[in-house]
Amino acid sequence: MPITPTTHPIVEHPRMTVIGTGYLGATHAICMANLGYDVLGVDVDARKVAELSAGRVPFFEPGLPEKLKEALASGRLRFTTDFALAADFGDVHFVCVGTPQAADSPAADMRYVIAAFSSLATRITRKVLLVGKSTVPIGTAARLTEMVHEMSPVGSELELAWNPEFLREGHAVEDTLHPDRLVFGVSSLWAEQQLRAAFRPILEEQTPVVIADLATSELVKVAANSFLATKISYINAMAEVCEVTGGDVNILATALGYDERIGSRFLKPGLGFGGGCLPKDIRAFKFRAEELGVGQAVAFLGEVDAINIRRRVRTVDLIRELVGGDLMGVKVAALGAAFKPNSDDIRDAPALDVARMLYLEGAIVTVYDPEANENAHRVYPDLDFADSMADAINDAQVVALLTEWDEFRNADPEVLGQLVANRRIVDGRHALDADRYRAAGWEYRALGRPLSSPTVALAEHHKDSAATPGR
Ligand SMILES: NC(=O)c1ccc[n+]([C@@H]2O[C@H](COP(=O)([O-])OP(=O)(O)OC[C@H]3O[C@@H](n4cnc5c(N)ncnc54)[C@H](O)[C@@H]3O)[C@@H](O)[C@H]2O)c1
């Protein structure tokens, strides 16, 4: 779509709404208010709105509760379920609702996005900018533009832009306030300038900004997530090769990571990726590419997904092997439930998938996660949950490390050893010091590593606080 010039003035200090106050939207609303903008957060979930209004973040995200309190105290941040209020308030409306995988196909479920844009479009009565931040199939912004023009009392005065989001749960505040880059998908100079005004404090930090057409901006996000997923599955594919050749995937990853063309980030072997983004984004991208007739170009994403899912099954195999071939009646301590540390997000969590498979084979599974027990229990009521790491591993015949929280990484193998029935551990995240565990009498196993391979420090990048990636 060509960029069209415009003479319409922009609002230099726009009032903003953020539609959908989940992991992305709440963070965006809170951070924008902290940057000095007047912000109205809108959600259809009245409970979430009440929690946020009362100063409580309804999910775990380090640093966000403090930022919420600051923003509420400044008087610049409010939350509501009222779309009429939102339509009247905003000069720029950010749409941050969910795009989960559809129940009956790999495609993205677009119901929430369509509902959010419709709710705004039917109520807005002046020229404003609607900005999508959700991750969507290519072509969505163009279709939504037509839709809002038809619905709106001001017709084509209502403009649409796309500003894909790259924040990582666990680092959401830092990533929102100091992003690597901003991508503005626009179809007019007015939209670009209005977005520049909406991100002024961030742009003043010399943050790179990429101006793109709508389709490219949608593609940036799914292309980035596909690349990251591919890198993770690549090293996990190498782990599979190591398992039959006697190689050590940790040594391999370290050696590869020193090559600057490859880099060590996201080259961490283990249980693979999960969460509310990577798995559903690569599936939806592949599905959309097939619809567009370019399915062959991203057919490899099917393999990336399959390698990733195999890691979960292989982890269960390893645990079964370690206890002698039969899991029936075996007490397993499952450490971790969240899809990665520093989050309570359990969407498509590899840890819970493993715990569920162990349970289905007859194991007596006790799960402990420092933050995600409550969410996990709601979705997996059949699993047992412990209130502490010590309770979880008490009398366990095998321990499985499934999410690499610092609490687990830093635990003393000697102290743990006194609690368990048998000193056996499967390190699903390559997060533990194998030498220390072996020295304390543990049988230590990890995917892609021979029985007695020594501990190797994986090359670390300063932005990787933990081995599990995910957006
Ligand atoms: N979570 C992340 O780390 C992250 C990072 C980058 C991009 N994204 C993308 O951002 C989008 C949101 O993800 P999330 O993790 O925040 O999801 P989420 O499920 O945590 O939040 C979505 C919110 O939207 C609300 N909602 C649904 N329909 C609505 C409507 N019609 N009007 C107003 N609110 C509505 C829900 O009640 C919920 O609070 C997705 O497209 C996701 O792929 C997420």
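1. A residue is called buried if 20 or more other C-beta atoms lie within 10 Å of its own, exposed if 12 or fewer do, and partly exposed in between, with C-beta atoms placed from the backbone. By that rule Glu169 is buried, because it has 26 C-beta neighbours inside 10 Å. Glu169 sits in the loop between strand E6 (159-162) and helix H7 (172-177). Helices (H or I, at least four residues) and strands (E, at least two) are DSSP runs, numbered from the N terminus.

2. The model is predicted: local features need pLDDT of at least 70, side-chain atom pairs count only at pLDDT 80 or more, and totals for chains, interfaces and linings use all residues. Residues are numbered from 1 along each chain as its sequence is written.

3. Glu169 is one of the residues that the UniProt annotation "binding site" (unreviewed entry) covers; the others are Asp43, Lys48, Thr99, Thr135, Lys280 and Arg347. These residues span 305 residues in sequence, and their farthest two C-alpha atoms are 23.9 Å apart, so they do not all gather at one spot. UniProt positions are given in the numbering used here, feature names are shortened, and annotations may be inferred rather than shown by experiment.

4. Arg347, also under that annotation, lies in the loop between strand E9 (331-335) and helix H14 (350-360). Arg347 is buried, with 21 other C-beta atoms within 10 Å. Leaving aside neighbours within four places in sequence, Arg347 is in contact with Gly275, Gly276 and Phe339. Contact here means that the C-beta atoms of two residues, placed from the backbone, lie within 7 Å.

5. Around the ligand there are 28 residues, of which Gly20, Gly22, Leu24, Ser134 and Thr135 come nearest. Helix H1 (23-34) and helix H5 (111-121) are the elements that give two or more residues to this shell. The largest share, four residues, comes from H5. By class the shell has 12 nonpolar, 10 polar and six charged residues. Ala, Val, Leu, Ile, Met, Phe, Trp, Tyr, Cys and Pro count as nonpolar, Asp, Glu, Lys and Arg as charged, and the others, Gly among them, as polar.

6. The protein is divided into domain 1 (16-212) and domain 2 (247-445), with bounds from an automatic or database domain assignment. The domain centres, taken over C-alpha atoms, are separated by 33 Å. Each domain gives 15 residues to the contact. On the side of domain 1 that touches domain 2, 10 residues are nonpolar, four polar and one charged.

7. Helix H12 (residues 278-291) is mostly covered, since 11 of its 14 residues are buried. Among them are Lys280, Phe285 and Arg288. What covers these buried residues includes helix H10 (214-245) and helix H13 (300-322). Just after H12, Gly293 takes a positive phi of about 85°.

8. Gly448 is placed in the segment after strand E14 (443-445). With 25 other C-beta atoms within 10 Å, Gly448 is buried. Gly448 and Cys242 are 206 residues apart in sequence, yet 5.2 Å apart in space, C-alpha to C-alpha. Apart from neighbours within four places in sequence, the contacts of Gly448 are Ala239, Cys242, Glu243, Val249 and Pro269.

Methods: A residue is near a molecule or strand if its C-beta atom, placed from the backbone, lies within 6 Å of it.
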